[in-house]
Amino acid sequence: MEESLRFLFEKDKIIDTINSLFIFTDNRDWKAVQDCFGEKVHFDMTCLGVKKVEILKPEQITQMWEEGLGSLDAIHHQAGNHKVEIRKNKAIAFCYGIASHYKKTKSGKNTRTFVGSYNFGLQKNNNNWKIDSFKFNLKYVNGNLDLV
């Protein structure tokens, strides 16, 4: 029973780290976003046309996101269907995700929505889980593709 409770406790902390990443991104709290990541992150956004998988520092990721999302009026991420596996101080996690972008336009085509899933790798550092692997898997995009 104690092992099951420990697993549930750690699983909750892992899901909280992932949810915090999305919430902090929506709030454009880039320092808090950086704190969700480990020192280096295996970063894969190739499904969105990024040419290669890279190893990035948290500052590089947030700089890229700040530039890419900066002109939007609002950002909203929704995550669910979390699946988590824990092996000692390492974990892998999966979730579905929707990212909705909003920008007021003259055409009235104000939104763009990305639908897909995420694969995360996490490392336990002291008592905190940090994301050290991030992969987005696009299913489809809907709405104004030229929104930015």
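Between which two helices is Arg 28 found in a loop? Arg 28 sits in the loop that joins α1 (2-26) to α2 (30-36). The structure is a predicted model, in which local features need pLDDT of at least 70, side-chain atom pairs count only at pLDDT 80 or more, and totals for chains, interfaces and linings use all residues. Residues are numbered from 1 along each chain as its sequence is written, and side-chain values use heavy atoms, with hydrogens and water left out.

The overall plan may be considered next. The protein has three helices and six strands, where helices (H or I, at least four residues) and strands (E, at least two) are DSSP runs numbered from the N terminus. Read from the N terminus, the order of the elements is α-α-β-β-α-β-β-β-β. The C-alpha trace spans about 60 × 30 × 25 Å along its principal axes. The radius of gyration, taken over C-alpha atoms, can be set against a globule rule of 2.2 Å times the number of residues to the power 0.38. For 148 residues a compact globule would have a value near 15 Å, and the protein, at 16 Å, agrees with this.

Burial and contacts describe the interior. A residue is called buried under 20% relative accessible area, exposed over 50%, and partly exposed in between (1.4 Å probe, protein chains only). Of the 148 residues, 39% count as buried. A contact means heavy atoms within 4.5 Å. Among contacts with a separation of 6 or more, 57% are made by residues 24 or more positions apart.

Phe 134 illustrates such an interior position. This residue lies in strand β6 and is buried, with a relative accessible area of 3%. Leaving out residues up to four places away in sequence, Phe 134 touches several residues, including Leu 21, Phe 43, Trp 65 and Tyr 118. Phe 134 and Ala 79 are 55 residues apart in sequence, and their C-alpha atoms are 14 Å apart in space.

Thr 62 belongs to helix α3 (residues 58-69). Thr 62 also counts as buried, at a relative accessible area of 3%. Neighbours within four places in sequence aside, the contacts of Thr 62 are with Trp 30, Val 33 and Gln 34.

Most residues other than glycine have a negative phi. Arg 28, which is not a glycine, has a positive phi of about 55°; this residue is partly exposed, with a relative accessible area of 27%. Asn 126, likewise a residue other than glycine, has a positive phi near 60°. Asn 126 is found in the loop between β5 (111-125) and β6 (128-143), and at 72% relative accessibility this residue counts as exposed.

Cys 36 is buried at 6% relative accessibility, and Cys 95 is buried at 0%.

Finally, the surface and the charges may be described. The accessible surface comes to about 9000 Å², of which 50% belongs to carbon and sulfur atoms; such areas come from the Shrake-Rupley method with a 1.4 Å probe, and for residues only the protein chains shown count as cover.
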